[in-house]
Amino acid sequence: MKTYIISRVTVYLLVIFIGISLCFVIPRLTGADPVEVVLERIGAYEDYYDPVVIEGLRNSLEELYGLKGSILEQYISFWKRLLLGDFGPSLTEFPTPVTKLVYRAMPWTLGLLLVTTLVSWSLSNLVGGIAGYFEKAKWAKPLTAFSIVVRNIPYYILSLCLVFFFSYLIPIFPMMGGYSIGVKPSLSLEFILDVLHHAFLPAVSIVIGNYGAGFIVMRGLSTAVKSEDYTKFAEIMRLDRRTILYRYIIRNALLPRVTALAISLGNIFTGALALEVVFSYPGLGSLLQRAIINSDYNLIMGITTYSIVGVATATLLLDFIYPFVDPRIRYK
Amino acid sequence: MNINEIIQVNNVHAYYRVIRRAKESYVRAVDGVSFQASNSEILGIAGESGCGKSTLMKVLYGLLEPPLTLLNGDVIYKVGNENISIKDDKFDEKIRWKVCSYIPQGSMHVLNPVMRIRDHFLKVAKSHLKERFDEKEIYEVMEKHIQSLGLPLEVLTSFPHQLSGGMRQRVVIALATFLRPKVILADEPTTALDVVVQRGILQLLSKIQKEMRSTIIIVTHDMGVHAQITHRTMIMYAGKIVEIAPTREIFKNSYHPYVRLLIDSLPVIGEKRRKSGAKGRPPSLLNPPSGCRFHPRCPFAEDICKKKEPSLIKISPSHYVSCFRVGRD
Amino acid sequence: MKRRESLSGLIDFLDYLRKDKTFLIGFSMFTFFLLLGFVVSNFSPYDPRRWNVAPRELPPCWKYPFGTTTLGQDLFWLITWGLRNSMMIGIIGSLGGLAIGVPLGFIAGYKGGYLDRILILMTDVLLVLPTLILLILIGSIIRAQLNVCALGLLISLFTWSGPVRNVRSMVLSLREREFTYTDVFSGFSTLKTIFKHYLPFVFPWMSMASINRMFMAMGMEVTLAVFGLFTVDEATLGTILQWAMMYQALLRGVYWWLFTPIIILVMLFTSLYLTAVGLNRFLDPRTRIQRKLGGKMR
């Protein structure tokens, strides 16, 4: 078990190191100069600026963007600032620091993601496991067909359909936003209900989207476990149906599902980000889009870095949980 | 049925249904087998691979999953005053694992990898005992049972992968004897184990039989196992019984040519003579030879052997052979 | 004997595909889209990048079978171009990643040792890295140069880790088989072994993988389009969707603009999925044995 933990932590550290270094390298590789972009935008408003002023602006911008000094110096100061959580001010809401914007948006994304991922993963495992065991049951077929259809649709598209039906045609749910306009965020029941009301459609899109593929995979796993020697022996011993279903089939099929979850975290995360744009949901996704539109270099960097760290950490957490699911790793 | 009998097997024909090129044909794994098993005996079933012994075990336990079908015949268990056949509705509930248990081949992999050993026992108890029971009581019973089979207490809290092959085999035997069944069907219980462990398992089975007065039916191709613990041995060939007798007689005084060749081929300490086995290979069960199935390989084959199938002839009260040459003497 | 075995395996595979209905339906749908995208699009009377070539916001009619957009584009021809570009990205991303990952997988599985461990570490890292985020980062910076081919290549570069793992495990088990030892003793070079004997086994998996990867690559493309990362020029199914949303197609009642790309996408994905299912049935070990048995009992 020790070797397992060490290897997972090594991967984690490498991911963070390589990922963040890539964040550093890529913008510099492409030769795009963020300072120029900003200066151009400012220049678009007026014809003439005192060159001295522009030089001064350029200097401070370069410092702000960490573009001063040699590459190595930049790299080191990059890491220094990162560890302090300082990404500089954002362009989108100058001079609000990037970290503040990220922290404002993060709870929305996290809340949405955590709930939907857990729900869709658990649901698909449960239903998929049962459907795999009772292969021939009448209710299994339509359920499978539904999942097959749904699996093909990226949930961003699914959400568009949902918006059309339940927001536009039959206005039950709001089309956008995290909460109603003009309402002040507070911890009152009213606000919470409002939030849930707004979060419903986005959440349902993600849940259905993830559920589809998970169901099919789990069903396959369940069928495979069903034909294992130990399941057959359980049937020989006449253990009751419930035990076989939960302790044998689902419990064993769960192992690769945990691994699959860890691997798909990145995709689930980015998919949710795209979804947020559709709903103008006030999470990291919408923030990222605004950053891109505004060529807000710092903000993009900030969000990217936090995303890499976030996804890597979540994966590591799942890696830590895995030994508790698989006794063969726990006791070597 | 004899008072002392516990299983009666009547003319069982159990085939595997195979569809190839849109035509239906049958692999005749067990082709007309009849015998009885008595209380408190160890009966061995021997024969080459593919002779039908494992299929016979499945039939005895009523495991008739497609493509295996019971075309003909019956297996009847005598329990108390009742005769329950495998075709009965209540066979599953009353006999399976309670009166008769089944240890399939390959016990390495029959334990649930994510469940502790004690949970295996608890689940067996829970699934079979109708009344609510106190977990602590059952746990005590478990511990005693485990220990009587030569296993340390730590086994109960372990997971299967933490145990060695021999220990896992013992656990499976423990599970099979937990509900004190009258019959235990063991299919190749010692294959894949080294000889020392093998001996331990066999002694264990012997001990169980003596203490619980149960019947054990062991299937194995290893004649050494039969020599060690079985009381009676039954030799099968190509889906049929060719000889059945007390084990001593099989080894010292057998009649069927196949059995003689089998026994003669076993190595004996001190003997330096060259060993010979039977020529050729076992026949296909899709299309068995006409008449006596052994005739293509039998050194004594005669005309009649090719045309008619021999039936089991009684040589002595407990010794039966299926061969035309024997009936004549 | 071995050569016949592996070649006959390949023939088995193609022969089976010929008869499987699911596969045929999926594959023919997919070919239809291929034709639409790569052949029909060339006949488009307009340059897809131009606006105002047709009256705006017309619902579907004879002249404009899919209607027109708020920007004055003929949706039908726009979609054929969109199909072309999306599928290009899908194909490049899918096959490119395989081109990198499969050989690496062979190397890792066959050679083992140091090389193997390094490759495994690299793939583990790549797997955890949220590649789409990095793509967004890249895209946001080189927006002007992000054309179809570039995106396809980028996707390949970030997604080759999956095939490495799968191919590696296949090679590991193949390595233990008898024919490998025979090869080694006969003096076959590594390359020869791989091509003659391993590839036929790996090939069915590769077909499956290329389809799944197309899914993934096109999904990525659509997601990237949401963030407005493409040049305004290139029409892909994702960007068409994105423009429809940007111009409030829903609220303006220009439903066809919004839903046609969606429906096309879903149908495209479904066709891919059906193809994959047909392939998978061939690969499933249980049905494989049934087929083998049916053949062997002659």
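Predicted model: local features only at pLDDT ≥ 70, side-chain atom pairs only at ≥ 80, totals over all residues.

Colleague: Start with chains A and C. How many residues does each chain bring to the contact?

Modeller: Chain A gives 39 residues and chain C gives 32 residues. On the side of chain A that touches chain C, the elements with two or more residues are α1 (2–29), α7 (155–169), α10 (241–279), α11 (284–293) and α12 (297–325) of chain A. The largest share, nine residues, comes from α1(A).

Colleague: What classes of residue make up the side of chain A that touches chain C?

Modeller: Sort them into nonpolar, polar and charged. That side has 29 nonpolar, ten polar and no charged residues.

Colleague: And the contact between chains A and B, how many residues are in it?

Modeller: There, 17 residues of chain A meet 20 residues of chain B. α9 (229–236), α10 and α13 (327–330) of chain A each supply at least two residues of the side of chain A that touches chain B. By class, that side divides into nine nonpolar, two polar and six charged residues.

Colleague: Now helix packing. At what angle do α1(A) and helix α5 of chain C cross?

Modeller: Look at the two axes. Those of α1(A) and α5 (residues 131–141) of chain C come within 10 Å and cross at roughly 20°. Angles under 35 degrees count as roughly parallel, so α1(A) and α5(C) are roughly parallel to each other. Their crossing is right-handed.

Colleague: Which residues of α1(A) and α5(C) meet?

Modeller: From α1(A) come Leu22(A), Cys23(A), Ile26(A) and Pro27(A). From α5(C) come Leu134(C), Leu137(C), Ile138(C) and Ile141(C). The contact of α1(A) with α5(C) has eight nonpolar, no polar and no charged residues.

Colleague: On to sheets. In what order do the strands of the open sheet in chain B run?

Modeller: The eight strands run β6-β7-β8-β3-β9-β10-β12-β11 (chain B), with mixed pairing. β6 (100–103) and β11 (313–316) of chain B stand at the edges with a single partner strand each, so one side of each has no neighbour in the sheet. The twist averages 20° from one strand to the next.

Colleague: What is the sense of pairing between β9 and β10 of chain B?

Modeller: β9 (residues 232–237) and β10 (residues 240–246) of chain B are antiparallel, over six bridges. Met234(B) has Ile244(B) as its bridge partner in β10(B). For a helix on these strands, see α5 (residues 165–177) of chain B, which lies across β6 and β7 (183–187) of chain B, at about 165° to β6(B).

Colleague: Where is there a hairpin in chain B?

Modeller: β4(B) and β5(B) form one, with two residues between them. Gly80(B) in the turn has a positive phi of about 60°.

Colleague: Last, a single residue. Is Ala253(A) buried or exposed?

Modeller: Count C-beta neighbours. Ala253(A) has 24 inside 10 Å, and 20 or more counts as buried. Ala253(A) lies in helix α10 of chain A. Setting aside residues up to four places away in sequence, Ala253(A) touches Gly129(A), Met218(A), Leu221(A), Ser222(A) and Val225(A). Ser222(A) is 31 residues from Ala253(A) in sequence, yet 5.9 Å away, C-alpha to C-alpha.

Methods. Residues numbered from 1 in each chain as written. Chains lettered and ligands numbered in written order. Contact = placed C-beta atoms within 7 Å. Helix = DSSP H or I, 4+ residues; strand = E, 2+ residues; numbered from the N terminus. Nonpolar A, V, L, I, M, F, W, Y, C, P; charged D, E, K, R; others polar. Pairing = 2+ DSSP bridges. Axes fitted to C-alpha atoms, helices over the stretch in contact; angles between N-to-C directions. Parallel < 35°, antiparallel > 145°, perpendicular 65-115°, else oblique. Left-handed = near helix turned anticlockwise from the far one by under 90°. Buried ≥ 20, exposed ≤ 12 C-beta atoms within 10 Å, placed from the backbone.
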